[in-house]
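Hello,

I am passing on a structure that you have not worked with before. Please have a look at it first, and then read on for my notes.

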Amino acid sequence: MAMMNAQQYRDSLARRKPMKVYLDGKRLDNPLEHPYIRTSMNSVALTYELAHDPEHAELMTAKSALTGETINRFCHLHQNADDLVKKVRMQRLLGQRCGTCFQRCVGLDALNAMFATTFDMDRKLGTRYHARFRKFALAMEKNDWIVDGAMTDVKGDRGKRAAEQQDKDLYLRVVERRSDGVVIRGAKAHQTGSVNSHMVLVMPTASLKTDEKDYAIACALAADAQGITYIYGRQSCDERKLGGGEASDIDAGSAAYGGQEALMVFDDVFVPEDMIFMNGETEFAGQLVDQFASYHRQSYGGCKVGNGDVAIGAAASIAEYNGVAKASHIKDKIVEMNHLNETLYACGIACSANGAKLPAGNFFVDALLANVCKQNVTRLPYEIARILQDIAGGLMVTLPSAKDWLNPQTGAILKKYLAGADGMSTYERMRMLRLIENLTMGRGAVAYLTESMHGAGSPQAQRVLINRLANLEEKKVYAKSLALNGSLETVEAAIRAGLEKIHTPDA
Ligand code: SF4
């Protein structure tokens, strides 16, 4: 199959078997028609639509490493640092277009991490997962699938490991091994775009010990597989999308697009042997998690920057509606927003440009810089949002309902008393304030702020990796060599000797 367009993507989801999706206490007969889900699907559909736009083809498509054909970049095994850079640029583009999470990057990041880990696993352990995963990768790009990367277990008591939990199902595990496959049970939390996906790629959530073999399971299954239940996540102000018509359009802030997270429950789901890519190899669980996480931390240097562009645009626009665009402190605040946003982009580009080839042949980000990127993403969007709220003014949260605007009795009053700068539309001013509310407190804030904090791992997860990857011993060599030596020759000799000691495997 060639690359799908947006309509073909929607049609392909409609062809799935009926899925068990619960939302607001009810099982949905037709999940794709629900306003929360339909608008989140619009965000994913953009990844198909823009791939057919000649203007964006360079970023949105790639030449397959497996077939040489043109494929959607979201199905691509990165072949060089330029591919990694283009990935981040593509994510910024999409973040600008929908102002929220477009959900497809998790599958791309899982694809590249799993490709690399299965290769390393086979090489060390003599397993035969890589060829099997290659077939999956081929099917993913040929069918132009959305793949939900299902990593985050619900975890129960965070002070205990998987095998120590009282309820063993709190980490997804194998409950039965058969000659033709395995049966898995458990739940994955915060599953981005899961209801909008064709396939699910299940992965372990953390490094594992040798007595945790049942948790070392990586496998693929159809999103509509029997035994999977989805319980849709509530998002702030999501009811603004209900009711339809102009009033809900205005009050939603961003009516056309949305993100999506669901709790995904696997109730004794059978996975056939040819879809299993790790089954008990505990020593490779940590590598898979770290590689996936680093790829996804790179991703945030693109998508959240695109969301930040929308936030900055909203700040500049509301300043105009309010009549303060020329005030020097407003201009300075917008400079600060841009400075923060481009700092994030610089991190996303840097970890990509510094990427390197893996033994499997695909390219990996600079993991230290990718973790620094995500650590910054846990902070800077909050400051950008704070400045945006500062510029917007309090009306952002005291604005009457769109129903009052549309009511002839109150509408005329609002039009008179909520007027802004001379010549500017009060109606547009009101809609811009709703967008700002959405981005900083509503459904958009789930993507722009909370996802920035916790998506791809909470801040502490990045600090653990930064600590592991920043070579302190090497830095100590530089400091000690300068402090303890008095001449150019002795400094240089000390540095060389110190580095040699660190980098010699037996040292
Ligand atoms: Fe993609 Fe960003 Fe959403 Fe992750 S949070 S799936 S990187 S848009």
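Below is what was found, beginning with the whole chain and moving on to a few places within it.

This is a predicted model, where local features need pLDDT of at least 70 and side-chain atom pairs count only at pLDDT 80 or more, while totals for chains, interfaces and linings use all residues. Residues are numbered from 1 along each chain as its sequence is written, and side-chain values use heavy atoms, leaving out hydrogens and water.

**The whole chain**

The chain holds 19 helices and 14 strands; these are DSSP runs numbered from the N terminus, with helices being H or I of at least four residues and strands being E of at least two. Along the principal axes, the C-alpha atoms fill a box of roughly 80 × 70 × 50 Å.

Of the 507 residues, 54% are buried, meaning under 20% relative accessible area with a 1.4 Å probe and protein chains only.

**Around the ligand**

Which residues surround the ligand? They are C101, F102, Q103, C105, V106, H296, S299, Y300, C303, K304 and E451, where a residue counts if one of its heavy atoms lies within 4 Å of the ligand. Two or more residues of this shell come from each of α5 (105–125) and α8 (285–322). Helix α8 gives the most, with five residues.

**D83 in helix α4**

D83 sits in helix α4, which covers residues 81–98. Is D83 buried or exposed? D83 counts as buried because its relative accessibility is 9%. Apart from its neighbours within four places in sequence, D83 is in contact with R73, H76, L77 and H78.

**Helix α7**

Helix α7 runs over residues 245–252, and A247, S248, I250, D251 and A252 are buried there. What do the buried residues of α7 pack against? They pack against α13 (402–406) and α15 (426–441). After α7 comes G253, which has a positive phi, near 85 degrees.

I hope this helps you find your way around. Write back whenever you like.

Best wishes

Methods:
Buried means under 20% relative accessible area, exposed over 50%, partly exposed in between (1.4 Å probe, protein chains only). Contact means heavy atoms within 4.5 Å.
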